[in-house]
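Q: Got a model open here and I'd like a quick tour. Can we go through it piece by piece?

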Amino acid sequence: MSCRRDEAAAVTGETIFALASGAGRAAVAVLRLSGPGTAMAVAALAGRLPAPRLASLRRLRHPETGELLDRALVLWFPGPASYTGEDSAELHLHGSPAVIAGVVEALVATGLRPAEPGEFTRRAFLYDKIDLTAAEGIADLIAAETEGQRRQALRQAEGALADLYEGWTRRLTALLARQEAFIEFEDEDLPAGLDAAVATSAAALRSEMLAHLADARRGERLREGLLVAILGAPNAGKSSLLNALAGREAAIVSARAGTTRDVVEVRLDLAGVPVTLADTAGLREATDEIEAEGIRRARRRAEEADLVLALFAADRPPDAGTLGWVGPEALVVVNKVDLAPAPAAIGGSAPLPLSLHTGEGLEALRSRLAEEAIARAGLAAEASLTRPRHRAALTEAAGWLAELGAAPLPELRAEALRAALRAIGRITGRVGVEVVLDAVFGEFCIGK
């Protein structure tokens with residue numbers, strides 16, 4: 001067990017509870033308890049502890065007044081075989097606000113306190129039940145909106161990233177041990193080429209890290225979602241396209257040019273990838289300061305976007321304002337092909353024909369957008385970087401291994417290995433954890 005046990009003992013002296021699910025008028029509400037006083041609290045309300053890990057139907061009574069509060073299912077999880085590693089329990093209550101309030105009041109009367117955001121998972125980390133990457137995966141799983149996000153978060157919560165980084169940690173530790181042996185016993189009969197072999201192995205490990213980093217931010221994009229900005233001249237059909245893809249009237253559609261003055265956004269699920277689709281003001285010479293601000297925001301949104309959907313009208317020549325955005329990060333679409341044929345190419349790109357009036361080409365466009373979303377976010381089965389802090393720490397570790405290859409002294413090579421180990425340790429929480437704890441667990445809601 002790591003030294004985190006000592007820190008755990010310092011912060012888990014109190015027993016906590018939280019409403020894990022069923023807020024409001026749900027049929028069932030689940031109250032989770034954890035800490036050294038859990039057994040006493042459950043026995044005070046339910047009369048006695050049930051058998052471990054078996055649901056037991058009990059009458060819950062207020063410990064001071066004896067008033068019947070509810071008939072509930074009670075589950076008891078003695079530590080360390082629990083989520084947090086401490087004694088824990090769950091109370092499955094009828095979900096009315098009155099029942100929940102009464103049981104909460106009774107728990108407070110037994111000495112329990114409400115949990116802070118993420119405190120259950122924080123305790124699981126401090127008791128070595130999980131590492132930081134798994135904790136982050138749990139937070140992502142709670143927040144997942146799409147199938148792709150769920151799969152990625154579940155892989156991380158199940159330890160996919162931890163396994164990869166712990167493997168690298170073990171290899172770095174072995175290399176450091178060999179380097180230290182070379183330093184301490186340089187005059188002894190050591191195997192030939194030991195020092196050079198460490199440098200060779202470190203270079204191979206650095207190559208693996210760089211390959212892991214060269215992922216075009218797919219894991220981060222899947223976790224955060226992609227931004228697709230629709231750009232085009234006034235009346236090209238941007239708002240109509242937003243509504244068609246969203247399947248609802250999200251934006252005002254009018255024949256009057258310049259109706260859209262601000263950015264209108266909708267959230268979509270494209271093949272498991274969360275996408276924010278942004279309708280923007282038409283690109284033209286502004287007629288007033290409000291429209292000018294809308295156009296400025298449109299251009300800024302396009303600069304931030306993962307993909308620009310450049311929309312043209314088939315019955316008009318391509319406008320210069322939209323043509324300027326046609327490029328590798330743009331998907332060119334020509335609307336109103338019911339009025340005129342689409343040109344073979346616009347700005348060197350073959351456009352997708354579309355008629356929002358008849359629906360022609362809409363499904364083809366939706367399929368192409370899904371392909372683009374998958375290409376940018378990825379739905380790979382392997383472990384992926386999901387946070388900037390992972391990327392920063394791995395970049396630092398790879399940098400130290402590069403310095404190792406150029407270091408003139410074995411002592412400097414050993415220090416580079418130690419620094420690389422510390423950098424990777426910050427990802428999993430094995431080293432230098434204090435500075436990242438609050439940022440990680442602050443993302444959680446109360447009750448997990």
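**Walking through the model**

A: Start with helix α4, where E119, F120, T121, R123, A124, F125 and L126 are buried. Keep in mind that this is a predicted model.

Q: How many of the residues of α4 are buried, then?
A: Seven of its eight. Helix α4 covers residues 119–126 and is mostly covered.

Q: What follows α4?
A: D128 does, and its phi is positive, near 65 degrees.

Q: Let's zoom in on β2. Is it mostly covered or mostly open?
A: Mostly covered. Strand β2 spans residues 28–34, and six of its seven residues are buried.

Q: In which sense do β1 and β2 pair?
A: Antiparallel, over five bridges. Strand β1 is residues 16–21. A18 stands opposite R32 in β2.

Q: How many bridges join β2 to β5?
A: Seven, and these two strands also run antiparallel. Strand β5 is residues 88–94. A29 stands opposite L93 in β5. V30 stands opposite H92 in β5.

Q: Where do side chains go along a regular strand, one face or both?
A: In a regular strand they alternate between the two faces of the sheet.

Q: New topic: the other sheet. What is the order of the strands from β8 to β12?
A: β8-β9-β7-β10-β11-β12. This is an open sheet of six strands, with mixed pairing. Its edge strands are β8 (264–270) and β12 (352–353), each pairing on one side only.

Q: Do β11 and β12 run parallel or antiparallel?
A: Parallel, with two bridges between them. Strand β11 is residues 330–335. The bridge partner of V333 is L352 in β12.

Q: Now helix pairs. At what angle do α5 and α6 cross?
A: Roughly 150 degrees, and their axes come within 7 Å. Helix α5 is residues 132–143 and helix α6 is residues 147–157. The two are therefore roughly antiparallel to each other, since angles over 145 degrees count that way.

Q: Which residues of α5 and α6 make the contact?
A: On α5, T133, A134, E136, G137, I138, D140 and L141. On α6, R150, A153, L154, Q156 and A157.

Q: Is the crossing of α5 and α6 left-handed or right-handed?
A: Left-handed.

Q: And α10 with α13, how do they cross?
A: At roughly 75 degrees, with the axes coming within 11 Å. The helices are residues 238–246 and 362–377. They are therefore roughly perpendicular to each other, as 65 to 115 degrees is the range for that. Helix α10 makes the contact with L241, A244 and L245, and helix α13 with L362, L365, R366 and L369.

Q: There's a glutamate in α13, E372. Is E372 buried or exposed?
A: Buried, because its relative accessible area is 15% and the cut-off is under 20%.

Q: How far apart are the C-alpha atoms of E372 and L270?
A: They are separated by 9.5 Å. Along the chain the two residues are 102 apart.

Q: Last one: confidence. What is the mean pLDDT?
A: It is 85, and 84% of the residues reach 70 or more.

Q: Where is confidence lowest, and where is it highest?
A: Lowest in helix α16 (residues 434–441), at a mean of 47. Highest in strand β4 (residues 68–77), at 97.

Q: Where does pLDDT stay under 50?
A: Residues 252–259 are one such stretch, and the model has 15 contacts for them beyond four places in sequence. Residues 432–437 are another, with ten such contacts. Where pLDDT is low, the predicted coordinates should not be read in detail.

Methods:
Residues numbered from 1 in each chain as written. Predicted model: local features only at pLDDT ≥ 70, side-chain atom pairs only at ≥ 80, totals over all residues. Heavy atoms only, no water. Buried < 20%, exposed > 50% of the residue type's maximum accessible area, 1.4 Å probe, protein only. Helix = DSSP H or I, 4+ residues; strand = E, 2+ residues; numbered from the N terminus. Pairing = 2+ DSSP bridges. pLDDT = per-residue confidence, 0-100. Contact = heavy atoms within 4.5 Å. Axes fitted to C-alpha atoms, helices over the stretch in contact; angles between N-to-C directions. Parallel < 35°, antiparallel > 145°, perpendicular 65-115°, else oblique. Left-handed = near helix turned anticlockwise from the far one by under 90°.
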